[in-house]
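Good morning, everyone. Please have a look at the model on the screen, and then I will walk you through it.

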Amino acid sequence: MSRRKPIIAANWKMYKTKDEALDFIFKVNQEVISRELVESIVCTPAILLNLMVKREGEEIRIGAQNMHYLDEGAYTGENSPLQVKTAGAEYILIGHSERREHFNETDEVVNLKMQAASRHDLIPILCIGEKLEAREEGKAEEVVLNQLQIALGAIPKKFVEKTIIAYEPVWAIGTGKTASVEQAQSIIKKIRENLRETYGSEVSEQIRILYGGSVKLDNIDEFLQAPDIDGALIGGAALNPHNFIKFVESANNIKNK
Ligand code: PGA
């Protein structure tokens, strides 16, 4: 059995109404397998957090998709880490490529959000990944490791240990194109090596690193078979509750052998 507990995290993005969210959580609560075996996380829009937290069963945990890095202030329309925390979310997506691209989130902002997560003990799912150009220029590894180092700047080692990292090549998100398992494993291995150099092997062996980008029911098994890939961050394909349950089952079948 792998020493790292596998993770399946759904990213709902800006999908689902209240009724759809309730339908999802009702179905998933009935069938999803134990949290002892797989960490199952659903990252919802902020407005649905409270509702989802109230309905989460024993086996599911709820995360937010974004937050401001300040605890309060005159920032109309934003949610603070304190608000996310007190809504009951335990996880927070940080640095998703859609935030970086459409909302101008820089590596420095990502780092401030990591610091905010650390202050409030929200478990970050830190997203990093290169654009197509960088991959074509042979710079994927360089870009990803640079994003990683900036994001983790000034973060205490104890908190780095808890952080979940999601490697999501930007060109594979929502496009139907996935990275090959070899491409994903190779970058994820480099991320782990980089963490070992900075924080030591105890931390690097413990940290969970996920793959994300057009993960579907028919390709998840291949990714999970790679030794350094500890789970998946899934958008479109995990909106359906039955699919979500199946993703979690795959993680258990493959990783807990
Ligand atoms: P996708 O999204 O699975 O729809 O490609 C992944 C993500 O954005 O995290």
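First, a definition: buried means under 20% relative accessible area, exposed means over 50%, and partly exposed is in between, with a 1.4 Å probe and protein chains only. This is a predicted model, so to speak of local features we need pLDDT of at least 70, side-chain atom pairs count only at pLDDT 80 or more, and totals for chains, interfaces and linings use all residues. Residues are numbered from 1 along each chain as its sequence is written, and side-chain values use heavy atoms, with hydrogens and water left out.

Let's start with Arg4. Is Arg4 buried or exposed? Arg4 has a relative accessible area of 9%, so Arg4 is buried. You find Arg4 in the segment before strand 1. Helices (H or I, at least four residues) and strands (E, at least two) are DSSP runs, numbered from the N terminus.

What does the side chain of Arg4 reach? The backbone oxygen of Pro227, at 3.4 Å. The side chain of Arg4 also makes a polar contact with the side chain of Asp230, at 2.8 Å. A polar contact is a pair of N or O atoms within 3.5 Å; within protein, one must be able to donate a hydrogen and the other to accept it, and residues adjacent in sequence count only if both atoms are side-chain atoms.

Now Asp228. Look in the loop between helix 11 (220-225) and strand 8 (231-234). Asp228 counts as buried because its relative accessibility is 11%. Its side chain makes a polar contact with the side chain of Gln185, at 2.8 Å.

Next, the aromatic rings. A pair of aromatic rings is described by the distance of the centres and the angle of the planes. Here is the rule: rings of Phe, Tyr and Trp (its six-membered ring) pair if their centres lie within 6.5 Å; planes under 30 degrees apart count as stacked, over 60 as edge-to-face and the rest as tilted. How many aromatic pairs does this rule give? Four. One of them is Trp12 with Phe24, edge-to-face, 5.0 Å centre to centre and 85° between the planes. This pair links distant parts of the chain, twelve residues apart. Trp12 is in the loop between strand 1 (7-11) and helix 1 (18-31), and Phe24 is in helix 1. Both residues are buried. Together with Phe244, Trp12 and Phe24 form one aromatic cluster.

Stay with Trp12 for a moment. The charged end of Lys16 sits over the ring of Trp12, 5.1 Å from its centre. For that, NZ of Lys or CZ of Arg must be within 6 Å of the ring centre and within 35 degrees of the ring normal. Arg99 does this too: Arg99 lies over the face of Phe103, at 4.0 Å from the ring centre.

Back to Lys16. Lys16 lies in the loop between strand 1 and helix 1. With a relative accessible area of 22%, Lys16 is partly exposed. Most residues other than glycine have a negative phi. Phi of Lys16, however, is positive, near 90°. Lys13 is not a glycine either, and has a positive phi of about 55°. Lys13 lies in the loop between strand 1 and helix 1. Lys13 is buried, at 18% relative accessible area.

On a 1 Å grid over the protein atoms alone, a cavity is a set of points where a 1.4 Å probe fits but cannot get out, and a pocket is an open set with protein on both sides within 12 Å along at least five of seven lines; lining residues have an atom within 4 Å of a point. Grid points are joined across faces, edges and corners, and a volume is the space filled by probe spheres set on the points.

The largest pocket holds about 600 Å³ of space. Of its 20 lining residues, the closest to the centre are Lys13, Met14, Gln65, Asn66 and Arg99. Helix 4 gives the largest share of the lining, three residues.

And the cavities? The structure holds one cavity of 30 Å³ or more. The largest cavity has a volume of about 40 Å³. Among the residues lining it are His96, Arg100 and Glu168. Where is His96? In the loop between strand 4 (91-94) and helix 4. His96 is buried, with a relative accessible area of 5%.
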